[in-house]
Amino acid sequence: MEMDIVESIFDIPVQDPAEEDFSSADLNWTKFGTPDHHDDVALIPYARVDEFIIGECSNVKCPTRFHIERGRKRKKGSLKDYKDDEYLEYRVYWCSFGPENYGEGGDILPSRRFRLNTRNRAARPQSMRGCTCHFVVKRLYARPSLVLIIYNDRRHVNKSGSVCHGPLDRNAIGPGAKKIPYICNEIQQQTMSMIYLGIPKENVLQKHIEGIQRYCGSNASVNSLASQHVHKLGMIIKRSTHELDLDDQASIRMWVDRNKRSVFFYQNSSETDSFVLGIQTEWQLQQMIRFGHHSLMAADSTFGIKRLKYPLCTLLVFDSRQHALPVAWIITRSIAKLDVSKWMKALVDRVRTIEHGWKISGFLIDDAAAEIDPIRQVLFSLWRVRRSWLRNIVKKCNHIEVQREIFKRLGSIVYGIWGEVDPACAMEELTQDFVDQTAFVQYFKDSWVPKIEMWLETMKSLPLGSQEASGAIEAYHVKLKSSLYEDSHPSSLQRVDWLVHKLTTELHSGYWLDRIADDTDSFLDVREKYIASTSWHRALQISDDAVTVDDKNHLFAKVVSQNDSSITRLVWNPGSEFAFCDCKWSMQGNLCKHVIKVNMACETHQKYQPSMSFQSFKEILMTLQGKPMDDSLELDLSTAWTYQVLDQIQKLVELNDASDIGNVVNNMPLGWVSKKGRTTVGIPSANLALPSSLKCSSKKAVALKKNRKRKRLSRLR
């Protein structure tokens, strides 16, 4: 008996299976659409989408992973008129064995019935094989708590209709492929990451077997084959080399040809063009979409400008713990607007092919000479300026009293950008007062005096980033420096292929494992180290009682060590981004946890100046408020917008400080309901307090809506 076709989404029941993880086999599917064009659909709660995807991945006959092939988003309230099945979020999930087919000729998979003339002993079992299985997850605009799952093709077959992966695949790789345990991308990446990071082989093998047993169960054969696979991966990594050719440029061209899915932009050097190589792995692309959308991104823009053949620019997002996570690497010496626009457009286009509405809220730069025309909502981070000054002060000045006084004076020059302080006069006084510090004075005159006005003007004109952001970017910079420069031969630094190899193997593996450890609560040692990797998070572990502030002269603060109470750190110039601490980490030029903790304590004291990021924000708001000079409508709009932003910030602060969220909610004013919103068809009446007469008219409108002929749902094949 054929299933009846349903034309109204309100006739589709909402299903919420009792199982922790469930699949399509646990749902009752409804044919939704018209007699000519309809799809198999099911309604489930939005909160259970991840559990459905996990269940689909655990298919015994065809174990796999589903990736987001493409997606779109809308903001709530962006549509005035909409249909019942209109989407708020729309994502196409595709089996990771498709949609491309990398088999021989694109039709069938290579089989080891004969010997392949390749360096690898076997083709990768997780290579893409043209699988057509995919489904759509549509979060409903009218009912955001529900999603409509549209299953376009539930069979794991290729275009010819043949099973293309899993135990039932007749053309599987190798004569014994049906007995070989399934190894997905995640398990292989986890194993390779652990090998790259030097984790003992016993621990690597244990985690590898645990991952495989999720699909194949536990038996001696699986364990033996897993051991062989781990050994093989270890040998491949050990024998791998960055030199694909003796010529560096030829080696890079070969690497780009072999790794096209990890390259978003490549421009070879010529008489007219500069060398530009943009690298982004598929995992980095996922993280950029996940953490960069409607959030901040940052750049560590000039790493290795003196030691590497080409400087490295890293694009960073801030993950769920506000740690800096590298999502793209650009290797180039060019900062020309044309080149920056090229690779930036290529990167954004790549992201938007997956997430159509992807957009960032702000971008943190750390170089005043950076090209910012292609970027909107630019902020400036002080971390590079602070680090450069502090490192050279400690290196070139011997006495700690001189070091902290020079650092304080430099901070005063930066803080004076909103006052009437003349930077040229202030710098002249600085060099005169410390004329005996010849090494530092000479460094400052050569490196900073010619360009200090440009840097100060940038700080004044752009919003300034917070200390938390500075600490996160600096933590990435320190890890990158350690990864590249430790145990590296000087000749390697002048090869681009060596740099690419280091980034895409060791550094990428480290951050991949950090995120997996935090998301899954596995690798507890890795997770703890990752959480404590920034000075901001280390500062949060210091108790408030350990900080003592000099309330009389406000010259210094003391911080008692959490590990040894007999050790006390002294922080001079408290409350400033240019505070000076005598701990080892700070003396290396870094932003230490003691400075951050002291500045947190100074926020509650009105006698200390606010942070530079707050002062910058305040100045920008006051400039916006005072910009219209005449008594016009622009003045009203500017004032209203300014106070609206201030009100939102005040509510966020109140929400953050509140111990009971219920009290905050009760004090909020009632929201206005527009007149048009009361009569618009498709808006749920439960969300609006309407009079009974309007309720009746709304029901009639909905009834009329049901009788209209539906447009068919487009199929994604």
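# A tour by selection

Start at Ile236, which sits in helix 4 (residues 220-239). Keep in mind that the model on screen is predicted. Ile236 is partly exposed, with a relative accessible area of 37%. Met192 and Ile236 are 44 residues apart in sequence. In space, their C-alpha atoms lie 9.9 Å apart.

Select residues 263-267, which make up strand 8. Is this strand enclosed or open to the outside? Of its 5 residues, 4 are buried, so strand 8 is largely enclosed by the rest of the structure. Next, show residues 276-279, which form strand 9. Strands 8 and 9 run antiparallel and are joined by 4 bridges.

The model has 27 salt bridges in total, counting a Lys or Arg side-chain nitrogen within 4 Å of an Asp or Glu carboxyl oxygen.

Select Arg48 and Glu51. Their side chains form a salt bridge, at 2.5 Å from N to O. Arg48 is buried, with a relative accessible area of 10%. Glu51 is partly exposed, at 24%. The cut-off matters here: Arg48 counts as buried because its value is under 20%.

Move to Asp300 and Arg384. Their side chains also meet in a salt bridge, at 2.7 Å from N to O. Which parts of the chain does the pair link? Asp300 belongs to strand 10 (residues 296-303), and Arg384 to helix 8 (residues 383-396). These are distant parts of the chain, with the two residues 84 apart. Both Asp300 and Arg384 are buried.

Now take Arg409 and Asp433. They form a salt bridge, with the closest N and O atoms 2.7 Å apart. Arg409 lies in helix 9 (residues 400-415) and Asp433 in helix 10 (residues 423-433), so the pair ties together parts that are 24 residues apart in sequence. Check the accessibility of each partner. Arg409 is partly exposed, at 23% relative accessibility. Asp433 is partly exposed too, with a relative accessible area of 48%.

**Stop four: a network**

Select Arg290, Asp319, Arg321, Arg515, Asp518, Asp519 and Arg527 together. Salt bridges link these residues in a network.

Which order do the strands take in the next sheet? It is an open sheet of 4 strands, in the order 15-16-17-18, with antiparallel pairing. The edges are strand 15 (547-549) and strand 18 (580-581), each of which pairs on one side only. Zoom in on strand 15 and strand 16 (residues 556-560). They run antiparallel, joined by 3 bridges.

**Last stop: a positive patch**

Switch to a surface view. Select Lys75, Arg352, Lys359 and Arg376. Together they form a positive surface patch. Finish on Arg352, which is found in helix 7 (residues 337-354). Is Arg352 buried or partly exposed? Arg352 is partly exposed, with a relative accessible area of 38%. Patch members need over 30% and no salt bridge, so Arg352 clears the area cut-off.

Key: Residues are numbered from 1 along each chain as its sequence is written. This is a predicted model: local features need pLDDT of at least 70, side-chain atom pairs count only at pLDDT 80 or more; totals for chains, interfaces and linings use all residues. Side-chain values use heavy atoms; hydrogens and water are left out. Patches are made of residues with over 30% relative accessible area and no salt bridge: like charges are joined within 9 Å, nonpolar side chains (Val, Leu, Ile, Met, Phe, Trp, Tyr) within 5 Å. Accessible areas come from the Shrake-Rupley method with a 1.4 Å probe; for residues, only the protein chains shown count as cover. Lys and Arg count as positive and Asp and Glu as negative; His and the chain ends are not counted. The place of a charge is taken as NZ of Lys, CZ of Arg, CG of Asp or CD of Glu. Buried means under 20% relative accessible area, exposed over 50%, partly exposed in between (1.4 Å probe, protein chains only). Two strands pair if DSSP finds at least two bridges between them.
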